[in-house]
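Biologist: Could you walk me through this one, a step at a time? I would like to start with the strands.

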Amino acid sequence: MDVRPFDALLYVSFGGPEKPDDVVPFLENVTVGKGIPRERLEEVGEHYFLFGGRSPINDLNRQVIAALEGELASRDVDLPVYWGNRNWDPYLRDALEQMVADGVRHAAYFLTSAYSSYSGCRQYRENLADATEGLDIELSRLRLPFNHPGFVAPFVEHTRAALGDAPDDTHLVFVTHSIPDAMNDASGGPGVGAYRDQHLETARLVMAGLEPQHQGLPWELVYCSRSGSPRTPWLEPDVNDHLEKLAADGVTSVVVVPIGFVSDHMEVVYDLDTEAKATAEELGLRFVRVPTPGSHPAFVAMITDLLQERAAADRGEDPTPATIGTCGANPWVCVPNCCANLRGDRPAHA
């Protein structure tokens with residue numbers, strides 16, 4: 001496996017609090033510049049306090065990074081893996097300063113997001129542009145993997161298992177994080193709407209990978225974790241509203257597939273495992289939630305494959321991106337105006 005010209009891999013994530021005292025400062029980092037009052041942040045912080053004031057995301061990241069280091073070693077690749085977060089320790093700037101101090105000059109980076117959007121891609125690239133200011137380091141982004149077989153395979157495997165003893169009237173509910181309609185419209189380029197379309201493609205790929213008797217089951221793409229002004233249109237339907245509609249239509253069983261998330265972080269364990277599950281119980285719906293990829297071997301191998309693919313591209317070769325389905329691969333370098341920052345232009349990496 002040839003990873004030239006890279007001398008490191010940076011694993012880029014959102015971050016999360018590690019203890020109760022971290023919760024509100026973390027939320028202040030997340031919402032900086034948005035004018036959200038502290039009382040509202042404390043209200044949202046109650047979600048974290050249900051889990052001891054500790055987000056699961058950091059431990060999950062540690063698991064993936066450990067598995068990734070093992071995967072690289074199994075392929076005889078001696079490449080250090082660093083970790084940097086947008087909103088909490090270890091921060092991106094600290095990680096990049098350490099990389100430079102260690103002699104890293106050209107690193108690839110992997111975003112813990114599979115889909116095109118401002119919050120899932122461009123905002124991270126803006127953060128990286130800020131974090132690299134004044135540092136002698138070159139970065140190359142690994143492409144977003146919404147239609148990579150290594151991203152889809154864990155969902156297929158776990159959904160098959162969830163459907164093994166499911167009633168015949170089971171509906172599949174594919175869930176992702178809601179975003180404003182305007183952000184979706186700008187994703188992938190002006191008027192493209194790639195965020196929603198890419199999720200629909202992933203859902204179709206999961207359905208196509210199920211056992212033949214389950215491929216015709218009804219399914220829908222729905223959303224969770226909406227925030228912000230109620231006057232701003234966001235992608236709908238909300239998962240809880242959708243569950244109410246299914247129950248009203250006589251459905252008795254749902255399998256929830258969180259295709260918008262690469263690991264079981266707060267939006268999964270609270271918005272789905274807590275809120276949506278409670279809604280389902282009130283409605284008398286059988287509720288099964290499928291795991292996210294996390295440290296699944298196929299997902300970890302996928303990151304390594306993306307690394308090899310981007311390394312070949314940076315060497316001037318012409319690698320064939322691994323994809324399934326009818327959509328093309330997400331580009332290595334974003335097109336102009338891709339996933340625009342609707343609040344104003346900021347420098348962004350890649």
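Modeller: Keeping in mind that this is a predicted model, strand β1 (residues 8-13) runs parallel to β2, and five bridges join the two strands. Within this pairing, Leu 9 stands opposite Val 81 in β2.

Biologist: And which way do the residues of β2 point?

Modeller: Val 81, Trp 83 and Asn 85 point one way, while Tyr 82 and Gly 84 point the other way. In a regular strand the side chains alternate between the two faces of the sheet.

Biologist: Is β2 enclosed or exposed, then, and why?

Modeller: Five of the five residues of β2 (residues 81-85) are buried, so the strand is largely enclosed by the rest of the structure.

Biologist: Moving on to α4, which residues are buried there?

Modeller: In this helix, which spans residues 92-101, the buried ones are Leu 92, Ala 95, Leu 96, Met 99 and Val 100. They cover an arc of only 135 degrees around the axis, which puts them on the same side of α4.

Biologist: What covers them?

Modeller: The cover over the buried residues of α4 includes β1, β2, β3 (106-111), α5 (118-131) and β4 (138-141).

Biologist: New topic: where is Pro 90, and what about the peptide bond from Asp 89?

Modeller: Pro 90 lies in the loop between β2 and α4, and the peptide bond that joins Asp 89 to Pro 90 is cis, with omega near 0 degrees.

Biologist: Last one: is Cys 339 buried or exposed?

Modeller: Cys 339, in the segment after α11, has a relative accessible area of 1%, and because buried means under 20%, this residue counts as buried. Its phi is positive, about 55 degrees, although Cys 339 is not a glycine.

Technical notes: Residues numbered from 1 in each chain as written. Predicted model: local features only at pLDDT ≥ 70, side-chain atom pairs only at ≥ 80, totals over all residues. Heavy atoms only, no water. Buried < 20%, exposed > 50% of the residue type's maximum accessible area, 1.4 Å probe, protein only. Helix = DSSP H or I, 4+ residues; strand = E, 2+ residues; numbered from the N terminus. Pairing = 2+ DSSP bridges. Arc of directions from axis to C-beta. Contact = heavy atoms within 4.5 Å.
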